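Colleague: I would like a close look at one part of this model, the charged pairs. Please walk me through them.

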Amino acid sequence: MSRLFYNMPAGGEWERALPVGNGKLGAMIFGEPDAEHFQLNEDSLWHGGKADRVNPDAKRNLPIIRELIFKGKIQEAERLLKYSFTGTPQSERCYQTLGDMYLDLMDTVTELAGYERELDLETAVHRVRVKDKVSGITYTRETFAAKEENVIVTRLSADRPASVSVGAMISRKCFYNRAWHDSDAAYFSGNTGDGGVNFCAGIRMKAEGAGVETLGEHVITRLADTVTIFVTAATTFREKNPEEAVKKCLSRASQQDYEEMKRRHIEEYRHYFQTCRLKLDYNRQKEFIPTDRRLAAEDIDNGLINTYFDYGRYLLISCSRPDSLPANLQGIWNDSLNPPWGSKYTININTQMNYWPAESLGLSECQRPLFDLLKRMAENGKETAEKMYGCRGFAAHHNTDIWADTAPQDMYIPATYWVMGGAWLCTHIWEHYAYTGDMDFLKEMYPVVKEAALFFVDFLVEHKGYYVTCPSVSPENTYILPDGTRGCYSFGVTMDNEILRDLFCQFLQAAELLQEKDVDFLAQVRNRLEKLPPMKIGTKGQLLEWIEEYGEAEPGHRHISHLYGLFPSTQIMVDKTPELAEAARVTLALRLQNGGGHTGWSRAWIINLYARLWEKESAYQNLIALLKKSTLPNLLDTHPPFQIDGNFGAVAAIGEMLLQSNGGRTVILPALPKEWDKGEITGIRGRGGVRYDFSWENGEITELTAEAMCNVENLKLVINGKERSFSLKKGESYRYKK
């Protein structure tokens with residue numbers, strides 16, 4: 001059984017509460033023995049409405065800024081960027097908490113005789129069991145987020161009839177202006193402010209063996225056999241009348257049989273969860289140690305890594321479903337009206353990292369919300385491209401929000417005026433196709449990729465024989481010129497070139513597959529691709545981050561942007577580009593020697609990079625470092641504070657340690673550490689549309705099945721160091737046994 005479990009409540013600490021979610025609705029459950037607390041979220045509850053934030057002074061100042069950068073007058077260029085390119089207003093919208101639900105258990109538990117809470121990852125059901133010493137009664141609370149009914153459901157029961165008493169209420173700190181009730185339900189409604197969404201939230205109670213009454217904002221029952229509480233919310237982002245939508249939703253849910261609803265919930269959840277499973281060999285006695293104590297132990301056991309892997313996939317399933325919004329900086333779980341970084345979509349690494357495990361770990365459907373957002377960004381980004389840069393196509397900077405805003409966010413010199421966000425997101429389109437072979441999807445998303453390519457055909461400028469981005473920044477770093485000048489903005493930055501190499505190559509491949517006939521434009525793209533600056537190696541043997549070798553203000557910086565070409569891209573490979581791979585290895589060593597990896601998501605990226613370098617023990621040790629230094633007691637990642645990207649980046653890295661499908665070949669166990677000498681994985685995916693199940697012992701594959709999810713031509717598969725080549729039709733399998 002895969003679960004998180006604890007022998008003590010969260011004690012009011014959010015970092016110890018446990019998450020449930022169905023994509024749209026989320027809750028952090030504190031598991032208190034005598035007065036339960038749920039912190040609630042709804043994915044479309046964002047402050048503020050859609051706004052035109054494009055700075056009207058940008059376009060006419062772009063040539064001046066470029067001239068200043070090319071002349072080395074960096075401080076002047078950055079000052080003019082700040083004045084003329086900052087969004088008006090400077091900030092996008094932020095994600096907000098919905099509020100809280102509190103359960104008053106009416107002193108039914110006076111003295112604890114036993115306590116346990118768990119999050120069952122096999123079923124996505126949260127449970128709390130409490131035994132009262134005085135009465136001898138054991139109380140159970142069971143919670144799940146039902147997708148079909150769009151409710152969070154809590155069932156309270158006891159092992160003695162007529163023992164459950166509870167008063168339930170939902171509340172919000174502010175920005176709600178109406179609260180009311182009917183006979184068995186309570187509601188509140190309001191507006192998120194500044195032209196934001198109208199919203200409504202409600203709870204309904206159903207009791208067996210007792211009646212239900214409402215007083216003020218509370219719904220109450222006394223001495224019932226069982227009590228079921230339903231919670232939901234809606235906003236005008238999706239519903240014309242949120243209040244009516246909430247009432248209908250609660251009415252439908254409360255009329256259903258609880259056990260049948262739970263059965264459907266588990267079936268729907270397992271449709272996603274069971275697609276990929278990891279089973280590292282471990283000491284089964286560790287299962288009886290609470291999760292927080294296993295995390296704090298001197299040695300991290302393989303069983304906890306299995307759980308962490310399952311948990312990462314659970315989190316993605318729970319905060320990103322095909323009809324929800326994408327996972328933001330906190331997935332869906334945010335307890336603040338003004339969260340860190342607005343809990344937005346930060347698209348210079350964090351949003352992308354959220355979806356790194358989607359294709360390889362069998363959760364391709366969970367990436368659909370990202371593509372839906374990207375289509376909306378492409379429309380808004382056309383206006384941004386034209387008004388700010390005088391370019392065709394679409395542009396997006398380093399953040400976006402619920403409204404798919406594409407103008408610059410903040411006034412932060414090291415990050416704000418960077419035009420690569422949309423381009424990087426577009427590479428996820430090709431990755432989805434590469435893993436699934438879905439031509440209908442490629443056709444649907446091709447116009448978005450084309451608009452991104454079109455922008456850069458216009459935006460790139462010729463300089464010393466190359467096409468370069470200008471202005472540009474290596475997120476979110478600072479360089480030092482020989483004269484001591486510190487700067488962030490430059491031209492032809494390494495990461496830009498790597499992203500554009502992927503964007504242009506993938507666009508050209510998609511155009512060929514779809515038989516695109518725009519010959520002149522295709523020729524323009526090829527021309528830009530051929531004249532992008534190459535990657536360069538510096539005097540220390542490192543990969544250069546900028547187009548020239550500058551000093552680094554923060555040699556241990558959290559961003560490792562110039563290694564995009566190693567991961568998530570496949571431009572640098574150990575056996576295909578050994579000199580660049582060695583430069584990447586040196587770069588990583590220098591970063592870590594100077595304090596790199598000090599944020600959770602950065603450490604997760606480092607694990608992936610070492611996996612791609614086939615540095616198995618370095619990958620493993622950095623995974624352990626992430627668990628030890630950047631993981632909260634509830635196994636959520638911390639920047640600090642909490643950010644969910646490290647969870648997703650780390651489980652993607654575990655997949656990379658076990659299978660890599662790049663460069664026209666798939667390598668099994670490319671970075672298997674000695675600590676994982678025996679195990680198995682089912683359902684891991686590779687590019688080319690292949691699903692793999694395999695087991696290993698003493699570091700060697702003992703059995704493997706490769707199943708084609710689409711027609712596969714000339715698949716090159718490396719097993720135990722030996723390459724095999726074969727073709728498969730959709731549904732056919734290749735089997736290996738040692």
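Colleague: Which residue forms a salt bridge with Asp405, and how far apart are the closest N and O atoms?

Modeller: First, the ground rules. This is a predicted model, where local features need pLDDT of at least 70, side-chain atom pairs count only at pLDDT 80 or more, and totals for chains, interfaces and linings use all residues. Residues are numbered from 1 along each chain as its sequence is written, and side-chain values use heavy atoms, with hydrogens and water left out.

The partner is Arg53, and its closest N and O atoms to Asp405 are 3.0 Å apart. A salt bridge here is a side-chain nitrogen of Lys or Arg within 4 Å of a carboxyl oxygen of Asp or Glu. Arg53 sits in the loop between strand 4 and helix 1 (58-70), and Asp405 in the loop between strand 19 (399-400) and helix 10 (421-436), so the pair ties together parts 352 residues apart in sequence. Helices (H or I, at least four residues) and strands (E, at least two) are DSSP runs, numbered from the N terminus.

Now burial. Buried means under 20% relative accessible area, exposed over 50%, and partly exposed in between (1.4 Å probe, protein chains only). Arg53 is buried, at a relative accessible area of 2%. Asp405 is buried too, at 9%.

Strand 4 (residues 35-42) also holds Glu42. The side chain of Glu42 meets that of Arg238 in a salt bridge (3.4 Å, N to O). Arg238 lies in the loop between strand 16 (226-235) and helix 3 (242-254), so this pair ties together parts 196 residues apart in sequence. Glu42 is buried, with a relative accessible area of 4%, whereas Arg238 is partly exposed, at 30%.

Glu656 forms a salt bridge with Arg612, and the closest N and O atoms are 2.9 Å apart. Glu656 is in helix 17 (residues 645-658) and Arg612 in helix 15 (residues 600-612), so the parts tied together are 44 residues apart in sequence. Both Glu656 and Arg612 are buried.

Salt bridges can also share partners. One such network joins Arg3, Glu116, Glu118, Asp120, Arg127, Arg129, Glu142, Glu259 and Lys262. Across the whole structure, the search finds 59 salt bridges. In general, side chains of opposite charge can pair when their charged atoms come close.
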